[in-house]
Amino acid sequence: MWPGAMLKEVLCSLFKKPATHNYPFVKIAKPEAFRGKLNFFSDKCIGCKICMRDCPSNAIIIHKIADKQFEAEIRLDKCVYCAQCVESCPKKALEATHDFELASLSQDSLRVIIK
Amino acid sequence: MIHSLFAIFIFPGFLFLCVISLAAEFIDRKVYARLQNRVGPPWFQPLADMIKLFGKEDIMPEEANPLMFKGLPIFALAAVATAFLYIPLWSPESLFSFDCDIIVVLYLLTLPTIAFFLAGWYSTSLYAMIGAIRSLTQLFAYEVPLFLGVLAPAIIANTWSLSGLIAFYRIHPVLAACNMLGFFVSIIALQGKLEKVPFDIPEAETEIVAGSFTEYSGRLLAMFRMAIAMELVVGASLFSAVFLPFGFGLPLAGAIAAYIVKIVFIILLSCLIRTLFARMRIDQMVEFCWKYLAPIALTQILINLLIKGMVL
Amino acid sequence: MAKVTIPIGPQHPSLKEPESFSVTIDGEKIISMTMKLGYNHRGIEKACEERTYLQDMYLIERICGICSHTHSTCFIQAVEEIAGLEIPRRAAYIRSLVGELERIHSHLLWLGVAGHEIGFDTLLMYSWRDREIVMDLLAMLTGNRVNYAINTIGGIRRDINADNIRDILKAVDTLEERTKYYIQIATQEVTLIQRLSGVGTLSFEDAKRLGAVGPTARASNLPRDTRKDDPYAAYGELNFKVVTDTHNDVYGRTLVRVGELMESYAIIRQILTNLPDGPIAVKAPRKIAPGEATSRYEAPRGEDLHYVKSNGSDKPERVKVRAPTLANLQSVSKMLENGYLADFPIVIAAIDPCFSCTDRMIVGVHHPDGELAGAMDWKALRTYSIDWYKKNRGVNFKIKA
């Protein structure tokens with residue numbers, strides 16, 4: 001038992017590269033499995049709306065715009081990024097991208113419509 | 001007259017002290033961060049913090065005594081800035097040196113702590129009151145070892161004046177090495193004076209929010225923060241004059257460089273201490289100071305008395 | 001100095017979540033403490049009744065940010081029990097794997113918080129830096145650092161491959177080395193030991209009587225661990241020991257947690273070497289047959305308990321969650337008796353509290369005449385708030401007809 005047990009480690013750190021990153025300027029690699037903003041492929045969608053039913057936060061709405069033509073309205077502010085919809089979709093019409101820097105000052109820009 | 005005013009308020013007085021205090025705070029924070037493997041703040045961070053605080057609204061508790069509440073930060077700041085004027089920085093003589101100035105400097109350095117206590121007391125807040133009482137309790141614990149430690153070198157030199165001290169150690173530089181025990185005690189006691197880990201008990205944020213400063217905001221808080229930043233520099237300057245009395249005879253540029261090296265060294269030591277330890281409890285702190293620090297300081301006095309009797 | 005009662009919380013730097021403690025102190029000594037829960041009631045249980053089982057899983061996962069896998073697994077286990085689903089062995093192993101990784105991240109987080117509460121910020125910075133290693137692992141395995149969303153009814157959502165296994169084993173080696181270093185620090189650093197030992201003592205009898213769970217109980221030498229007592233996921237097939245300690249104080253709780261970290265590394269190695277092949281999920285029905293089930297799970301903080309009642313539809317009829325902190329809160333006032341005010345933050349932190357997870361409901365007490373005591377209806381509340389602002393802030397809100 002003695003005071004200053006961390007002395008060696010602490011002094012070594014002085015000459016080490018900092019463990020923290022200067023984030024907005026230095027980007028960090030995201031893992032392959034990362035779940036970010038949703039992407040929608042309208043040509044694959046069959047309008048079954050299972051995604052809407054499974055979404056825990058009602059963040060996705062599928063609108064019918066014409067016969068067999070659908071668009072997805074995604075509410076980025078409501079989405080919890082669980083990607084359950086991606087899993088539920090029988091036709092793989094949805095995809096989770098690596099895009100996560102979605103903060104915005106206006107609520108309108110958080111409502112994304114993908115045709 | 002003009003020359004004195006310039007010396008007091010601009011260089012090497014108040015304004016210069018402000019600048020080096022902010023620089024010292026930056027070094028302290030940056031090195032603290034690097035020791036913890038972090039990036040740390042940019043160079044202008046302490047200045048930016050001050051500007052931000054000065055731009056903020058002052059909020060005062062309804063029950064607080066306005067005179068005391070507003071006066072105490074200025075009082076603390078003034079006391080530290082005054083102490084600085086009596087410390088020889090790079091020239092062997094301080095601005096206004098006189099006999100016994102070492103005692104005056106030590107007492108001027110006690111005043112901010114008293115101001116913290118009163119500020120807490122007059123804030124009429126529970127957290128501030130507990131912080132105030134802790135400040136005072138702590139003062140009684142570290143003050144005696146600090147005084148003993150700082151005054152020990154004066155015993156050999158047979159003078160109570162800082163310039164006399166420096167003059168003596170310029171003739172007998174080897175004897176300065178005998179004061180290292182006192183230097184060690186003083187550096188630790190300084191942590192108590194600056195209210196830094198392990199002795200940051202009066203403003204332990206996880207226990208009593210911000211202690212004495214809980215109710216302070218805006219300009220008044222900025223003044224207290226500035227006073228603490230200045231205390232670090234003044235303390236380091238005092239120690240560098242008393243314990244490391246080297247480099248005073250060099251030409252001006254060399255002497256200034258020696259001064260900077262010395263205070264940076266002391267600031268780094270203080271920074272290392274606050275990196276390495278956990279905060280003590282007030283009872284442990286008092287026990288530590290009286291059980292270990294005070295006896296070590298007394299040993300230093302004894303050594304110095306023996307040296308004085310036998311060698312000189 | 002006279003006795004004073006100081007409020008700690010609902011807003012206080014030592015508490016990371018809103019909870020109110022009133023501490024009566026005499027000088028620096030604590031005389032008594034009362035606490036008030038319910039500042040963060042989020043109505044999650046009621047919300048669960050409005051959503052399907054699959055949606056509930058993601059909601060339940062958000063009860064706690066630190067032990068999100070705990071809550072989702074605990075809930076899913078209950079649902080699977082009602083539905084009579086047998087999850088594949090590979091799924092059970094991976095659930096345990098994520099559970100142990102979560103325990104590592106939670107304990108390293110705790111170590112840092114404990115350091116911060118006693119003013120040892122260096123320990124905080126280092127342990128949180130090392131925690132990033134396990135956070136990266138979790139992100140790699142599940143796709144996110146918190147709220148992993150790896151569970152699904154009937155199994156798990158993502159499989160792991162040989163590359164992942166290699167990465168995990170490598171990271172676990174590094175973490176083990178770091179943990180050994182922290183054990184060394186915890187047994188050497190004088191100021192740390194002084195601040196932790198003898199603080200917040202809870203005797204074996206008190207721990208048993210007050211129903212302490214998790215590391216809090218185990219530090220009082222009470223070997224209470226759901227992983228051993230009622231094995232779930234893959235724990236029945238794994239070989240590990242329950243770490244206990246006889247210090248009975250905060251220091252003991254620290255040692256138990258770092259000891260558990262070492263156990264977790266051993267468990268993870270076992271899981272990865274014995275990982276069975278096969279499917280990762282079975283198909284689950286949308287509607288769950290009527291029935292009820294309780295499920296237990298050893299969260300990093302202690303035993304977590306979920307109760308689910310099904311009425312045959314795709315939505316549960318009732319969900320009840322008891323987070324481990326609630327079980328440990330009773331012990332806190334015992335631990336604080338005759339303690340110092342300075343020890344208050346670390347004693348609270350030593351149970352690793354998660355107040356937001358604890359706040360489940362507000363109980364209204366009924367008067368004999370049937371009126372809810374202290375409850376206000378919407379109209380009365382509105383009038384009260386308008387009056388309050390008029391009186392205290394001088395703001396006159398116009399009442400719309």
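Biologist: How many bridges join β2(A) to strand β3 of chain A, and do they run parallel or antiparallel?
Modeller: Please keep in mind that this is a predicted model. In it, β2(A) and β3 (residues 69-75) of chain A are joined by six bridges, and the two strands run antiparallel.

Biologist: Which residues stand opposite each other there?
Modeller: Ala66(A) has Gln69(A) in β3(A) as its bridge partner. Ile61(A) stands opposite Glu73(A), which also belongs to β3(A).

Biologist: What about the hairpin of β2(A) and β3(A): how many residues lie between the strands?
Modeller: There are two residues between the strands, and Lys68(A) in this hairpin takes a positive phi near 55°.

Biologist: In what order do the three strands of the open sheet come?
Modeller: The order is β2-β3-β5 in chain A, with antiparallel pairing. As a general point, strands of a sheet pair through backbone hydrogen bonds, and the pairing may be parallel or antiparallel.

Biologist: Why is one side of β2 and of β5 left without a neighbour in the sheet?
Modeller: β2 (60-66) and β5 (111-114) of chain A are at the edges and have a single partner strand each, so one side of each has no neighbour in the sheet. From one strand to the next, the twist averages 25°.

Biologist: You mentioned Glu73(A). Which residue forms a salt bridge with it?
Modeller: Its partner is Arg111(A), and the closest N and O atoms are 2.5 Å apart. Arg111(A) lies in β5 and Glu73(A) in β3 of chain A, so this pair ties together parts that are 38 residues apart in sequence. Over all chains, the structure holds 51 salt bridges.

Biologist: Let us change topic. How much area is buried between chain A and chain C?
Modeller: About 2,500 Å² is buried, and carbon and sulfur atoms give 50% of it. The contact takes 25 residues from chain A and 28 from chain C. Met1(A), Met6(A) and Arg35(A) supply 26% of the area that chain A buries against chain C, more than any other three residues.

Biologist: How many salt bridges are there between chain A and chain C?
Modeller: The count is four. One of the salt bridges pairs Arg157(C) with Glu87(A), with 3.0 Å between the closest N and O atoms. On the side of chain A that touches chain C, α1 (7-13), α2 (50-54) and α3 (84-88) of chain A each supply at least two residues. That side of chain A divides into 16 nonpolar, three polar and six charged residues.

Biologist: And how many residues of chain C and chain B are in contact?
Modeller: Here 32 residues of chain C are in contact with 27 of chain B. Together the two chains bury about 2,600 Å², with 58% of it on carbon and sulfur atoms. The rule finds two salt bridges across this interface, and Arg134(B) and Glu28(C) meet in a salt bridge at 2.6 Å, N to O. The side of chain C that touches chain B has 17 nonpolar, eight polar and seven charged residues.

Biologist: One last topic: at what angle do the axes of α6 and α10 of chain B cross?
Modeller: The axes of α6 (residues 126-157) and α10 (residues 218-242) of chain B cross at roughly 35° and come within 9 Å. Leu146(B), Val150(B) and Pro153(B) of α6(B) make the contact with Leu238(B), Phe239(B) and Val242(B) of α10(B). By class, these are six nonpolar residues, with no polar and no charged ones.

How values were computed:
Residues numbered from 1 in each chain as written. Chains lettered and ligands numbered in written order. Predicted model: local features only at pLDDT ≥ 70, side-chain atom pairs only at ≥ 80, totals over all residues. Heavy atoms only, no water. Contact = heavy atoms within 4.5 Å. Buried area = accessible area lost by both parts, 1.4 Å probe. Salt bridge = Lys/Arg side-chain N within 4 Å of Asp/Glu carboxyl O. Nonpolar A, V, L, I, M, F, W, Y, C, P; charged D, E, K, R; others polar. Pairing = 2+ DSSP bridges. Helix = DSSP H or I, 4+ residues; strand = E, 2+ residues; numbered from the N terminus. Axes fitted to C-alpha atoms, helices over the stretch in contact; angles between N-to-C directions.
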